[in-house]
Amino acid sequence: MKSKVSYTRLMKSEALYGYIFIAPNLILYAIFFIFPALMTFVLSFTSFDLFSPPSFVGTAQYVRLFNDPLFHKALLNTLYFALARTTLTIVIAFWLALLLNRKLFGRALFRTMHFLPYVSLLSAVALVWTWLFATDGLINTVLGKIGIKGPMWLTSKIWAMPAIIVMSTWKDLGYSILIFLAGFQTIPSELYEAAMVDGANWFQRVRNITLPLSTPAIFFAVVTTLIGTLQDFDQFYFMTKGGPAYATTTLSYYIYEVGFKWFKMGYACAASVILFLLVFLFTLIQWYARRRWVFEG
Amino acid sequence: MLWRSRLTRTRKLLVVKEERMCRMNSKVAFVLGLLFVSALSVLVCAEEQASDRSLWTLGTVPPDIKTTFTIISWEPIAKFGPRYKYIEQFFKTYYPNVTLKVDYGIDWDDYFTKLSTMIATGNPPDLVWMHDTRVADYAARGALLPLTEYIRKLPPLGWPDDWYEAQIRGYTYEGEIYGIPQDLVTGCIFFNKDLFDAAGVPYPPQWSTDWTFEDMIELARKLTRDTDGDGRIDQWGLAIGTWEPHACYWVVRAFGGDYLTPEGEPNFDNPRTIEAIKFLRDMYHTWKVSYITPSEVDIDRLFMEGKLAMYSKHNERCSIWMGASFNWGVAPEPRGPAGRCQFMGSSCWSIPKGAKNPDLAYEVIRYALSNPDSLKGIVSTLHCLPPRKSLAPFALSPELAAKVPNYTYVFVELAAKDALVPPYFVGYEEFVSLWHRYLDPVFLLGEEDVRGACEQLNAALREVLKSYRR
């Protein structure tokens, strides 16, 4: 009985220390995330131009949003960008991680090279890719050498978004590669040894061991990449300004344009709430779907 | 003997004493004189300073005020520097206890987001560098303080006759002035002389306006070339900005069109406006003399690389292109079907709502824009024009005069007759977005239904303007 009491006290005291340690983080999180998020929700029911006091307009901003063709366009662009980029990133990063996991000459150098774009400044990367994608840029020059007339990448309604998807995928590959490489280290080597004894080739080992046992890492990479892509802004801002003719306007860019250029902050807040719900919905779907495909053995 | 020697000694002592007295008297007189003169000088100086202070200050701010005065600008130090020098001088002279804090070189794309956030959060700077495209939008929302009352109390030197009326009108919203112009840029056609020489094509007229849009296109066609024979154009004839409505406003006006009617209604269903938009489209897709891009940066790059023959831009670019490796010149914009129009633009000083030291801010604006030395310093660095007519000659540095002999003719004399400030109305930024939405397909993608695009733009702009009137 006595020991139980002291154990509870210990627990209480440990819990108290725990709260003290996480308090700074919680307080800052509340100030810089929860409070602004709540304010965004409140302001989405107002008409607010940043400089004058907001006035309550009920659900008018949401009604306008659902009738706004530009918002629909931005929503579709966001889904197109997010799904295409996440798929490309996960597939390419997984295969690159498999290659970089092998005992190659200069493996550390290759790993660093793949991670470098991730830590590079996006504005600088975007500028370089804008030059690469210029009508008379390097990509079209190379294509011209092999007899292909390259399109006007960033001024074409069809090609502008794929161009940005390619650039963004290249930029963020390093992060997913790192996650996958970390995931590969948790797979017991005995499984590979047993498979080799059974005569499994490299592809079979990847398919039957690496892939299923990497699903927790893949799940994590998919969730974080998708959340990130739904909110991506900088590359659109630096490379196309949402153009041509709104072909690359995503929700994040539209929110910025409406809020800070048109001073319709109430409307921008309503669009932000929709973006939040979209991110939340995607995360929720993945969370429940994970039971079907993520190995948690 | 003893008596005689004592007498002689006493006499000598008396003489020495007398001499000393004399010397002392002259010293005292000298010192007194010096004190008198100094006191007189101090009095005169104090009087002068007092009158000088009344010339440059409103008299509402105590000279010993202790505060931090903040200024923000997108211009880098190279351009902000000359202004900073004089502003610092102002504070040293009149408010020595004020700490000056300047946040310069803010990226243009971030500048207005930062400014809006600073004003909205109640932490605005004391003085802001504003752009003519934004003043109406900020003024209409009460984000800037009206300066009319300040100007009435203590007008800037030469106000209003020595200032450009079109500029002041551009900074006026509902009868109140919200910005005082600090520079002036006017438009021209820059041309690459080397490309003209290589093609054996005569230069456009530099000392007259005796050329037309047809002449300009004809020259551009001759100068658009595939120089390496790979089937791709790598030397372009002409660039007129369609990335922002104000960059090609002079073309629209030269066709007799406009963005708004005199009543302030959208004017994109006007056949002349449509004709101008069609001309700009044809430049890309029919005559194929212009490089298709949504970005001004690409065009600047092409011109600097010597791959562009003619570029419609304004005099501020002179400072950037002074270091170009090729010969270039300046021609006036050609005449259009309805006459000739030239671009006029500027930035200004404004005081944001909630500024802690508005009176001080106005004094700074006035000092910086009234002091001829300050303005000479500004123009010599920027190659812009000063906002005051009488100071225009100071804009021409010896290097600039040698490089651009027709500088005054094109940028000052012709501008005085033909230059117009584009209409920067409330909701202008939303109009820019609509411009891209409906006219990007025309300019960038070659959409042929120009009339349809213009009519759609007209209808959308009407809704936007209506929403602001509500």
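Student: Which residue forms a salt bridge with K264(A)?

Tutor: The general idea comes first: side chains of opposite charge can pair when their charged atoms come close. In this structure, which is a predicted model, the partner of K264(A) is E430(B), and the closest N and O atoms of the pair are 2.9 Å apart. Between chain A and chain B the count is one salt bridge.

Student: Which elements give two or more residues to the side of chain A that touches chain B?

Tutor: They are helix 3 (69–100) and helix 12 (251–261) of chain A. Helix 12 of chain A supplies the largest share of that side, four residues. By residue type, the side of chain A that touches chain B comprises 15 nonpolar, seven polar and eight charged residues.

Student: How many residues of each chain are in contact, and what area do chain A and chain B bury between them?

Tutor: On chain A, 30 residues are in contact with 31 residues of chain B. The two chains bury about 2600 Å² between them, and 57% of this area is on carbon and sulfur atoms. Across the same interface, nine residue pairs are in polar contact, with both residues at pLDDT 80 or more.

Student: How many salt bridges are found over all chains, and which residue does E265(B) pair with?

Tutor: Over all chains the count comes to 23 salt bridges. E265(B) forms one with R462(B), their closest N and O atoms lying 3.3 Å apart. This pair links distant parts of the chain, 197 residues apart: E265(B) is in the loop between helix 9 (249–254) and helix 10 (271–285) of chain B, while R462(B) is in helix 18 (residues 450–469) of chain B.

Student: Let us turn to sheets. In what order do the five strands of the open sheet in chain B lie?

Tutor: In general, strands of a sheet pair through backbone hydrogen bonds, either parallel or antiparallel. In chain B the order is 2-1-3-12-6, and the pairing is mixed. Strand 2 (99–103) and strand 6 (180–181) of chain B are the edge strands, each pairing on one side only.

Student: In which sense do strand 3 and strand 12 of chain B pair, parallel or antiparallel?

Tutor: Strand 3 (residues 127–131) and strand 12 (residues 347–350) of chain B pair in the antiparallel sense, over four bridges.

Student: Which strands does helix 3 of chain B lie across?

Tutor: Helix 3 (residues 108–120) of chain B lies across strand 1 (68–72), strand 2 and strand 3 of chain B. The helix runs at about 130° to strand 3 of chain B.

Key. Residues are numbered from 1 along each chain as its sequence is written. Chains are lettered from A and ligands numbered from 1 in the order in which they are written. This is a predicted model: local features need pLDDT of at least 70, side-chain atom pairs count only at pLDDT 80 or more; totals for chains, interfaces and linings use all residues. Side-chain values use heavy atoms; hydrogens and water are left out. Contact means heavy atoms within 4.5 Å. Buried area is the accessible area (1.4 Å probe) that two parts lose on being put together, summed over both. A salt bridge is a side-chain nitrogen of Lys or Arg within 4 Å of a carboxyl oxygen of Asp or Glu. A polar contact is a pair of N or O atoms within 3.5 Å; within protein, one must be able to donate a hydrogen and the other to accept it, and residues adjacent in sequence count only if both atoms are side-chain atoms. Ala, Val, Leu, Ile, Met, Phe, Trp, Tyr, Cys and Pro count as nonpolar, Asp, Glu, Lys and Arg as charged, and the others, Gly among them, as polar. Two strands pair if DSSP finds at least two bridges between them. Axes are lines fitted to C-alpha atoms, for helices over the stretch in contact, and angles run from 0 to 180 degrees between N-to-C directions.
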